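Here is a short report on how parts of one chain pack together.

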Amino acid sequence: MINQLTSGIELWKWRNSAITTALGKGISPREVDWLLQEIARVDKLTLRLESFKDYQEITMVLSLTELDSLWQKRLQQRVPIQYLAGRTPWRKFTLAVSDAVLIPRPETEILIDLVMEAANQDLQSGIWVDLGTGSGAIALGLAEVLTNAKIYAIDISEQALAVARTNARNLGFTQRVEFHQGCWWEPLNHLQGKISGMVSNPPYIPSDMIGTLEPEVVEHEPHLALDGGVDGLEAIRYLVEVSPHYLLPGGVWLIEMMAGQDEAVREMLINNGNYSHISIHTDLAGIKRFALAHLSR
Ligand SMILES: C[S@@+](CC[C@H](N)C(=O)[O-])C[C@H]1O[C@@H](n2cnc3c(N)ncnc32)[C@H](O)[C@@H]1O
């Protein structure tokens, strides 16, 4: 990485002008500081105190011109800031991301806490599965909290798996997390009846709704990660139907879903007849976003 020098006053001027343009485009001005921290490696305190304004020289990993051209991409092409930085914070991790993967969202972190509440000691040390792993966030989150578990992470996208494998390597989880390319449960045919828990954040947005999402999502995030078919429930329906073949009796079935899907998902789980202890959980905003069940014993 080549260090670039800029003067404090130049950077201060750039930051002020970037904040003004952000506000004009309805983008949070906090993104400017995030970019400066993540890409230009200017530390938080220096930014907060604006003390950098008086510095003769500031060392950055990018020149001011390069920084500005990234910012223009954010403004003009609405590229999400996490793709520009090539990484995002998620739980305790910094995860690499590219436009081959969905940017892992803060609410998805709740899945890991729900696993810890739902799984007893025996289940916690068994085999766990993250179906539709994307960046690997859930699989790596599981590996972090389930210290004796073996984790299988599946995605249909080979490009997404390349990002997930990089994250597993960077975080030191390659021994316990195995990645496989394929359609949902398919690569795990040999593990039928042996799985302690399945966690998934599947695509759940109805196809018709995708065009209405903000440009950052619709123009930059992979549609494979978003499109849940006509009613948004295609993948979830499959996961309800097929998972009983794979889970151990008492095994955990846990998914993230879209606001408003909770009743349909609860009904699917009840009608299937193989699940018990069905519960719906909310995100930090109080919206019903997670469905949890156990395979009946
Ligand atoms: C909503 S994203 C979730 C990514 C990641 N788990 C997260 O929470 O940030 C859904 C993921 O499912 C994957 N996917 C879509 N269809 C699939 C299929 N038939 N089999 C396996 N994975 C699939 C997509 O490639 C995408 O990575």
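Helices here are DSSP runs of H or I with at least four residues, strands are runs of E with at least two, and both are numbered from the N terminus. On that basis, His190 falls in the loop between strand 7 (177-181) and strand 8 (195-200). The model is predicted.

His190 has a relative accessibility of 52%, so it counts as exposed. Is Trp184 buried or exposed? Trp184 is buried, because its relative accessibility is 18% and the cut-off for burial is under 20%. The backbone of Trp184 also deserves a look: phi is positive, about 40°, although the residue is not a glycine.

His277 is another non-glycine residue with a positive phi, near 50°. This residue belongs to strand 10 (residues 275-282). His277 counts as exposed because its relative accessibility is 64%.

**Helix pairs**

Two packed helices are described by the angle between their axes and the distance between the axes.

| Pair | Angle between axes | Axis distance |
|---|---|---|
| Helix 1 (residues 8-24) and helix 2 (residues 30-38) | roughly 140° | within 8 Å |
| Helix 1 and helix 4 (residues 64-76) | about 5° | 12 Å |
| Helix 6 (residues 109-118) and helix 8 (residues 137-145) | about 40° | 9 Å |

Take helix 1 and helix 2. Their axes cross at roughly 140°, and the two helices are therefore oblique to each other. Helix 1 brings Leu11, Trp14, Arg15, Ala18, Ile19 and Ala22 to the contact, and helix 2 brings Val32, Asp33, Leu35 and Leu36. By class, that contact has eight nonpolar residues, two charged and no polar.

Helix 1 also packs on helix 4, at an angle of about 5°. Why does this pair count as roughly parallel? Helix 1 is roughly parallel to helix 4 because angles under 35 degrees fall in that class. On the helix 1 side, Glu10, Leu11, Trp14, Ala18, Thr21 and Ala22 take part, and they meet Leu64, Leu67, Asp68, Trp71 and Leu75 in helix 4. The contact of helix 1 with helix 4 holds eight nonpolar, one polar and two charged residues. Leu11, Trp14, Ala18 and Ala22 are listed in the contact with helix 2 and in the contact with helix 4.

Helix 6 and helix 8 pack at about 40°. That makes helix 6 oblique to helix 8. The crossing is right-handed. Leu111, Ile112, Val115 and Met116 in helix 6 touch Ile138, Gly141, Leu142 and Val145 in helix 8. Seven residues of this contact are nonpolar, one is polar and none is charged.

**Gly8 in helix 1**

Gly8 is found in helix 1. Its relative accessible area is 0%, so Gly8 is buried. What does Gly8 contact beyond its neighbours within four places in sequence? The partners are Phe52, Lys53, Tyr55, Gln56 and Ile58. Asp262 is 254 residues from Gly8 in sequence and 51 Å away in space, C-alpha to C-alpha.

**Buried helix residues**

Helix 2 is mostly covered, with seven of its nine residues buried. These are Glu31, Val32, Asp33, Trp34, Leu35, Leu36 and Glu38. They pack against helix 1, helix 3 (44-49), helix 4, helix 5 (81-85) and strand 3 (87-90).

In helix 12 (residues 234-242), the buried residues are Ala235, Ile236, Leu239, Val240 and Val242. Their packing partners are strand 5 (127-131), strand 8, strand 9 (247-256), helix 13 (262-272) and strand 10.

**Annotated span**

An unreviewed UniProt entry annotates residues 129-186 as "domain: Methyltransferase". In the model, this span is 40% helix and 24% strand. The end C-alpha atoms of residues 129-186 are 12 Å apart.

Terms used
Residues numbered from 1 in each chain as written. Predicted model: local features only at pLDDT ≥ 70, side-chain atom pairs only at ≥ 80, totals over all residues. Heavy atoms only, no water. Axes fitted to C-alpha atoms, helices over the stretch in contact; angles between N-to-C directions. Parallel < 35°, antiparallel > 145°, perpendicular 65-115°, else oblique. Left-handed = near helix turned anticlockwise from the far one by under 90°. Contact = heavy atoms within 4.5 Å. Nonpolar A, V, L, I, M, F, W, Y, C, P; charged D, E, K, R; others polar. UniProt positions renumbered as here; feature names shortened; annotations may be inferred. Buried < 20%, exposed > 50% of the residue type's maximum accessible area, 1.4 Å probe, protein only.
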